[in-house]
Amino acid sequence: MTTPKELKTTTTNTWCPGCGNFAVLNGVLSLFSDLINEGTPKENIVIASGIGCHGKIVDYIGLNSFYSIHGRTVPTLEGIKLANPELTVVGFVGDGDTYGEGLAHLIFAAKRNIDISVFVHNNEVYALTTGQYSPTTAKGLPRKSTPRGTLEEPLNPIALMIASGATFVARAFVGDMRHLKTVLRAAIDHPGFSVVDILQPSFVFNNTYKLYRENCYKLEDSGHDPANYEAAVHRAHEWVTGMSGKVPAGIFYQTKKPTFNELILEDSNLRKEAIRIELGKFIEKYG
Ligand SMILES: Cc1ncc(C[n+]2csc(CCOP(=O)(O)OP(=O)(O)O)c2C)c(N)n1
Ligand SMILES: [Mg+2]
């Protein structure tokens, strides 16, 4: 029996008091201990992170981990999964880190449906570097780098991920731990590429706790069917950072497609078979 506490390292935690990252940490410590207790060998879970406040999470979890460079967590996860398909591979990334610096990696991982899970700590700001605007900062919101407000429209990561071919796309809010854990677990259990946009307020640089506590609703309570692509696209456009109104949370879209590892295996088996046939013909002809 492994407890969440046993999976915690003794490293001093340097997140600000009240940071939404604590909820993600506690949620995944509980989730990983569940996986281990259900039979996943501890050494078969591998985690990696990007650069930012979120990235420190790998220091606080006692599992095999890799502290990646800025925006390059997703290719790191892909390499790990390609090298050993037996592993459960999970990444913790930031909105600046992966919706900005490393966005192309995220799109192509979704496109090839590699069986990894990417958890985006979306605090809508560059927190570690003390509050510059990020790809998901609301238009017009003053930030350290944009004191009169950002001029750009925010990115809609949910719509982008569905359009990129992701087979599991969800949103969760750290203010609802039980729901957060359920969504993250469903992402890990999903065979294929899964991405969860986690609304994770930065207590110091972007305190959105009240906003999301008052406005988040659960997709599963609203009759949404995650297997319905058109409905998922519609829900994805219901809300983007800065918009007033209700914020959908839960699984937007889930479907099943062959994973990249399965395709590679099939392709190499087909190639081996083709070589075997050609070799047979050669031996028949020339003895
Ligand atoms: C290549 C590179 N560019 C820029 C930086 C500086 N830098 C460190 S963290 C960060 C932004 C982090 O924002 P986010 O990914 O949202 O993480 P958060 O701190 O909000 O969790 C930046 C720009 C860096 N470390 N490496
Ligand atoms: Mg951030």
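Reader: What should I keep in mind about numbering and confidence?

Author: Residues count from 1 along each chain as its sequence is written, while chains are lettered from A and ligands numbered from 1 in the order in which they are written. As the model is predicted, local features need pLDDT of at least 70 and side-chain atom pairs count only at pLDDT 80 or more, whereas totals for chains, interfaces and linings use all residues.

Reader: Happy with that! Which residues have the most contacts inside the largest nonpolar core?

Author: In soluble globular proteins, nonpolar side chains tend to be buried together. A nonpolar core here is a set of buried Ala, Val, Leu, Ile, Met, Phe, Trp, Tyr and Cys residues joined through C-beta atoms within 7 Å; buried means 20 or more other C-beta atoms within 10 Å of a residue's own, with C-beta atoms placed from the backbone. The largest core has 62 residues, and V169, L184, V195, V196 and F252 have the most contacts inside it. Helix α1 (residues 21-37) gives the most to this core, with 9 residues; helices are DSSP runs of H or I, at least four residues, numbered from the N terminus.

Reader: And which residues of helix α5 are buried?

Author: An α-helix has 3.6 residues a turn, so residues three or four places apart point the same way. In α5 (residues 103-112), H105, L106, A109 and A110 are buried. Viewed down the axis of α5, they fall within an arc of 130° (from directions between axis and C-beta atoms), so they line one face of the helix. After α5 comes N113, with a positive phi near 50°.

Reader: Which residues come nearest to ligand 1?

Author: Of the 18 residues around ligand 1 (C-beta atom within 6 Å), G52, G94, G96, D97 and A127 come nearest. Helix α4 gives the most to this shell, with 3 residues.

How values were computed. A residue is buried if 20 or more other C-beta atoms lie within 10 Å of its own, exposed if 12 or fewer, and partly exposed in between; C-beta atoms are placed from the backbone. Helices (H or I, at least four residues) and strands (E, at least two) are DSSP runs, numbered from the N terminus.
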